[in-house]
Amino acid sequence: MYGEIIGVIVIFVALRALVTRNRAERLLYLNVIGFGVSAIVAFVINTPFALIVAAAFFICSTISANAIAYTLKRLDDEILLE
């Protein structure tokens with residue numbers, strides 16, 4: 001049941017990421033998708049190896065979240081010319 005709920009949330013966020021034009025929002029949506037996929041892997045596949053895969057995916061999602069935070073910090077400093 002938790003896997004389906006998280007799956008619906010991930011699909012909704014993926015659609016939002018496709019629709020939005022703001023780069024900062026898109027990066028945050030991608031962050032949510034990364035963590036959601038690791039949760040789906042952990043809930044749907046009930047084997048010990050799936051937990052290892054989910055943990056590895058979670059660690060990679062954490063690293064990407066740090067990269068997204070760094071990029072958002074750089075976006076705050078960026079001057080946009082219109």
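This is a tour of a predicted model, taken one selection at a time.

**Stop 1: helix α2**

Start by selecting residues 23-44, which form helix α2. How far apart are its end C-alpha atoms? The distance is 31 Å, and at 1.5 Å a residue the 22 residues should span 32 Å, so the two values agree.

Now colour the buried residues of this helix. They are Leu27, Tyr29, Asn31, Ile33, Gly34, Gly36, Ser38 and Val41. When looking along the helix, keep one general point in mind: an α-helix has 3.6 residues a turn, so residues three or four places apart point the same way.

**Stop 2**

Next, select Ile6, Val10, Val13, Ala17, Tyr29 and Ile33. These six residues make up the largest nonpolar core. Which elements give two or more residues to this core? They are α1, residues 2-19, and α2. The greatest contribution is from α1, with four residues.

Stay with Ile6 and show what surrounds it. Setting aside residues up to four places away in sequence, Ile6 touches Gly36, Ala39, Ile40 and Phe43.

**Stop 3: the loop between α1 and α2**

Move to Thr20, which sits in the loop between α1 and α2. Is Thr20 buried or exposed? Its relative accessible area is 13%, and because the limit for buried is under 20%, Thr20 counts as buried.

Display the side chains here. That of Thr20 makes a polar contact with the side chain of Glu25, at 3.2 Å. Beyond its neighbours within four places in sequence, Thr20 is in contact with Glu25, Arg26 and Tyr29. Tyr29 was also part of the nonpolar core at the previous stop.

**Stop 4: an aromatic pair**

The model has two aromatic pairs. To see one of them, select Tyr2 and Phe43: their rings lie 5.7 Å apart, centre to centre, with 40° between the planes, and the pair is tilted. Tyr2 belongs to helix α1 and Phe43 to helix α2, so the pair links distant parts of the chain, 41 residues apart.

Compare the accessibility of the two partners. Tyr2 is exposed, with a relative accessible area of 57%, while Phe43 is partly exposed at 43%. Phe43 is also one of the residues that Ile6 touches.

**Stop 5**

Select Ser38 in helix α2. With a relative accessible area of 5%, Ser38 is buried. Apart from its neighbours within four places in sequence, Ser38 is in contact with Ala54, Phe57 and Phe58.

Phe58 is partly exposed, with a relative accessible area of 43%. Which residues is Phe58 in contact with, leaving aside neighbours within four places in sequence? They are Phe35 and Ser38. For a distance to check in the viewer, take the C-alpha atoms of Phe58 and Val32: they are separated by 11 Å, and the two residues are 26 residues apart along the chain.

**Stop 6: Leu28 and Val44**

Leu28 lies in helix α2 and is partly exposed, at 42% relative accessible area. Leu28 touches Ile68 and Leu72, not counting residues up to four places away in sequence. From Leu28 to Ala69 the C-alpha distance is 8.7 Å, although they are 41 residues apart in sequence.

Then select Val44, also found in helix α2. Val44 is exposed, with 52% relative accessibility.

**Stop 7: the annotated spans**

Finish with a record. An unreviewed UniProt entry lists residues 27-45 and 51-72 under "transmembrane region". Select residues 27-45: the span is 95% helix and 0% strand, and its end C-alpha atoms lie 27 Å apart. Then select residues 51-72, where the chain is 100% helix and 0% strand and the end C-alpha atoms are 31 Å apart.

Definitions and conventions:
Residues numbered from 1 in each chain as written. Predicted model: local features only at pLDDT ≥ 70, side-chain atom pairs only at ≥ 80, totals over all residues. Heavy atoms only, no water. Expected span 1.5 Å × (residues − 1). Buried < 20%, exposed > 50% of the residue type's maximum accessible area, 1.4 Å probe, protein only. Core = buried A, V, L, I, M, F, W, Y, C linked by side-chain atoms within 4.5 Å. Contact = heavy atoms within 4.5 Å. Polar contact = N/O pair within 3.5 Å; in protein donor to acceptor, adjacent residues only side chain to side chain. UniProt positions renumbered as here; feature names shortened; annotations may be inferred. Phe/Tyr/Trp six-rings, centres within 6.5 Å; stacked < 30°, edge-to-face > 60°.
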